[in-house]
Amino acid sequence: MVKREKIAPSFQVPDDIEIDILSRLSVKSLLRFKCVKKSWRNFIEDPVFIAMHLNYYGKSSTGFLLYGSRPYKYIKQYLNCSSIDVSMSIKILFGKSPGYMIGSTNGLVCLSNDLYFFLKEDKRLSIYICNPSTREILELPECHHAYNDFVLSIGFGFCPKFNDYKVVVVKLLDSVVNVRDPNCCLFSLGVEVYSLNRNSWRSTKIVNPRSVLTTSFQGKGYFNGAFHWGGRDLKSSKRMIMSFQFDEEVFQELNLPNHPDFQKENYFLNALIIEYQNFFSLIIKQKVNMHVYDLWVMKEYGVSDSWIKQLTIEVPILEDRLMFQPVMSFENNGELLVLRDWYGRTVWYNTKTKQIERSKEVLRGRSIRYKESLVSLSTKKVV
């Protein structure tokens, strides 16, 4: 009589444990695991799981995206000062146009074909939202414009109140000479707001604004539900930070630090908005001491009196061919700052060792802070 072997009972991993494990894996792994079993596919595509994954894995996957234009237009992700296997060609999107990375939030990246230009019949504004990790990309419908409108700036961010992603386009419209003061021009700003939930634009017009956006502040514009630029009061010429709140779709003003340095007209050459240790921050390149950078942190967002000078960075003079495009902080609580040298190469400054570090490969191009996510676009195509 043949003895039959006993079959060990199968063990079923509880759903909550499976979900917890999956939420800590990379996007690339999860996209493969969607084919393993139907229940996993349902988990991975569920909005609740996507938010959970963004909270768990996204926190550890923060690095930066490099947008290069030579020898071809591409997006590449870097994590812990080294590249990872996320690369995406976008040459087909922009053709001969330079292309710009506007910003990134929750793994989505906003791109435009150009910036700071007059709209013409043969020169239109093209905007895309993409997820480089999932390789999804959405071309936005064309926003309303008139020829000769000047595209002043573009912002992108997340709207927490409605769980929506929005793009704001600020345009300089018609201007006329003020008959009461010939040295002063009256002008209007056109504001176009795109909602991903609605897949449509909404237009508003600001007549004779009291302040205007400037290009003296660059860097990461999105923070705390708003996109930020440099600004200047048109009457007093006072410098400030302008923000566009995505929830209410309104502009607000933030004061610069109330410090004697900021009263000096020649204090800084330019400034860059970054997120440092989860705080809204500014990196200032001093105008007098060209190799000195000041890092200012707003400890309580929106409260002017909460600005403090966190640290001062003295870059070695031999290394002082560093530029502000791009600069950001990431990894180890902001221990590393990403800068760009005179030749367009990306380098890292270690605030702890006070040393300049370079990647083994030559990195050229613009870059922004980025973290992987599964956030999906409802109407999309894969490239």
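Predicted model: local features only at pLDDT ≥ 70, side-chain atom pairs only at ≥ 80, totals over all residues.
Buried, in this tour, denotes a relative accessible area under 20%. With that cut-off, Y194 and W201 both qualify as buried.

**Stop 1: the whole chain**

Display the entire protein as a cartoon before selecting any residue. It contains 6 helices and 28 strands. Of its 383 residues, 51% are buried. Among the contacts with a separation of 6 or more, 49% are between residues 24 or more positions apart.

**Stop 2: aromatic pairs**

A pair of aromatic rings is described by the distance of the centres and the angle of the planes. The count for this protein comes to 13 aromatic pairs. Select Y194 and W201, which form a tilted pair with 5.4 Å centre to centre and 55° between the planes.

Next, select F244 and F246. Their rings are arranged edge-to-face, 5.6 Å centre to centre and with 80° between the planes. F244 and F246 are both buried. Then extend the selection to Y222, F227, W229 and F251, which ring pairs link with F244 and F246 into a cluster.

**Stop 3: two loops with a positive phi**

Remain in this part of the sequence and select N224. This residue occupies the loop between β15 (222–223) and β16 (226–233). Although N224 is not a glycine, its phi is positive, at about 55°.

Move on to E249, in the loop that joins β17 (239–245) to β18 (250–254). Here too a residue other than glycine has a positive phi, near 55°. Is E249 buried or exposed? Its relative accessible area is 15%, so E249 is buried.

**Stop 4**

Select residues 108–112, which make up strand β5. Why can β5 be described as largely enclosed by the rest of the structure? The reason is that 5 of the 5 residues in the strand are buried. The burial extends to both faces: L108, C110 and S112 lie on one side, V109 and L111 on the other.

To locate one of the bridges, select G103, whose partner in β5 is C110. The two strands β4 and β5 form a hairpin with 2 residues between them. In the turn of that hairpin, N106 has a positive phi of about 50°.

**Stop 5: helix α3**

Select helix α3 (residues 38–45) and show the side chains of W40, F43 and I44, which are buried. These residues span an arc of only 90° around the axis, and therefore lie on the same side of α3.

**Stop 6: R24 and the ring of Y56**

Select R24, in the loop between α1 (15–22) and α2 (27–33). With a relative accessible area of 47%, R24 is partly exposed. What sits over the ring of Y56? The charged end of R24 does, at 4.3 Å from the ring centre. In sequence R24 and Y56 are 32 residues apart, while their C-alpha atoms are 6.0 Å apart in space.

Show the surroundings of R24 next. Leaving aside residues up to four places away in sequence, R24 touches Y56 and Y57.

**Stop 7: S306**

Finish at S306, in the loop between β21 (292–298) and β22 (307–314). S306 is buried, with a relative accessible area of 11%. Which backbone oxygen lies 2.7 Å from a polar atom of the S306 side chain? It is that of V303. When residues up to four places away in sequence are not counted, S306 touches V297, M298, K299 and E300.

Note on methods. Residues numbered from 1 in each chain as written. Heavy atoms only, no water. Helix = DSSP H or I, 4+ residues; strand = E, 2+ residues; numbered from the N terminus. Buried < 20%, exposed > 50% of the residue type's maximum accessible area, 1.4 Å probe, protein only. Pairing = 2+ DSSP bridges. Arc of directions from axis to C-beta. Polar contact = N/O pair within 3.5 Å; in protein donor to acceptor, adjacent residues only side chain to side chain. Contact = heavy atoms within 4.5 Å. Phe/Tyr/Trp six-rings, centres within 6.5 Å; stacked < 30°, edge-to-face > 60°. Lys NZ or Arg CZ within 6 Å of the ring centre and 35° of its normal.
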